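Hi everyone, thanks for coming. I'd like to walk you through one structure today, side chain by side chain. Let me put it on the screen.

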Amino acid sequence: MNTKTTAKDFLLHLATVALLYAGTVALLNILFRVINTAFPEVNQYGYYGSSSISFPVATLIVVFPLFLFLANLLRKGYAEDPSRKEYAVRKWLIYITLFVAGAVLAGDLITLIYRFLDGQELTTAFLLKVLAVFVVTGSIFGYYLDDLKDRLSGFRRTLWRVVAVILVVGSIVAGFSVLGTPQSQRMLRYDSQKLSDLQSIQSQVLNYWQQKGAVPASLEELKDPLSYFDIPLDPESKANYEYKKTGALSFELCAEFNKESTKDSMSRVAYIELVGKTSENWQHGAGRHCFSRTIDPQLYPVRPK
């Protein structure tokens, strides 16, 4: 029986497990983002881009087929030479994977029981995340336990593959159904950039007020070579944003948006509200939307010259 591990065998086993870990992280990332979007927490805020699933989906699309391909190569190698199952690297990696999966499962259950006993609210989002971790890591634990005990017959191996495909494809489909297609994500990114530009313009208007004690009549007055501020353009249409002075202390900023903002996806800024609230509201509907602002001289006093 030849149990000497070659460099090829070592790298093949290591790459397979590395792909498994990368795919697992990406899969849970997608599921968590879907859950966060479908069942947002009360205090959960973020920019449009925070819910993007582009990177984890791209990771799964590349990693999952590679994992299946390498796992199939290993299976063929075991069929040709059963002694390869006795490689130390194979057993070490399987035991490490079982340990990690078991630890995650135990931690998952401990967290659930702790929050229940501690009287904390078991929200739908939390329970779904616990279930997602349990199903994904439980499947990995079950598969490698079967592999270690040499119970992966043709039917059992096929069954585990079907489970893996359902988890991966199902999560991607669920992600796109909840968070939108790549085209939809692109539209949301445009909207997010527009909000960022309007916030930047607003900041410059406030700075202008504090320096000169007046609201600028047009955006052209904000151009200052010393501050290196360039008036941004709409990233989608390349047109100027709409700006209008509406009073001695008030102004209005307008833009065209692709999507209506929602509580879990709208952008909130860390500025102090011009009218004295703790945060500014940048919610908007689809199409042309204007944000009216009134400067509070007590919050933004004119700087002495």
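Let's start with Ile 113, whose place is in helix α3; helices here are DSSP runs of H or I with at least four residues, strands are runs of E with at least two, and both are numbered from the N terminus. Before going on, a word on the source: this is a predicted model, where local features need pLDDT of at least 70, side-chain atom pairs count only at pLDDT 80 or more, and totals for chains, interfaces and linings use all residues. Residues are numbered from 1 along each chain as its sequence is written, and side-chain values use heavy atoms, with hydrogens and water left out.

Now over to the strands. The structure holds one disulfide (a pair of cysteine sulfur atoms within 2.5 Å). Cys 254 and Cys 290 form it, with their sulfur atoms 2.0 Å apart. The torsion about the S-S bond is about 105°, so this disulfide is right-handed. It links distant parts of the chain, Cys 254 in strand β2 and Cys 290 in strand β3, 36 residues apart. Cys 254 is buried at 3% relative accessible area, while Cys 290 counts as partly exposed at 24%.

Next, the aromatic pairs: how many does the structure hold? There are five, a pair being rings of Phe, Tyr or Trp (its six-membered ring) with centres within 6.5 Å; planes under 30 degrees apart count as stacked, over 60 as edge-to-face and the rest as tilted. The ring centres of Phe 257 and Phe 291 are 6.1 Å apart and the planes are at 85°, so that pair is edge-to-face. Phe 257 sits in strand β2 (residues 250-257) and Phe 291 in strand β3 (residues 287-294), 34 residues apart. Phe 257 is buried at 4%, and Phe 291 is buried at 3%. Elsewhere, ring pairs link Tyr 143, Tyr 144 and Trp 160 into a cluster.

Last, the salt bridges (a side-chain nitrogen of Lys or Arg within 4 Å of a carboxyl oxygen of Asp or Glu). A search of the whole structure finds nine. One of them joins Glu 242 and Arg 288 at 2.7 Å, N to O, linking strand β1 to strand β3 across 46 residues. Another joins Glu 236 and Lys 194 at 2.9 Å. Here Glu 236 is partly exposed at 32%, whereas Lys 194 counts as buried at 2%. Finally, Asp 146, Arg 151 and Arg 156 are linked in a network of salt bridges. Thanks, and I'm happy to go back to any of these on the screen!

Key. Buried < 20%, exposed > 50% of the residue type's maximum accessible area, 1.4 Å probe, protein only.
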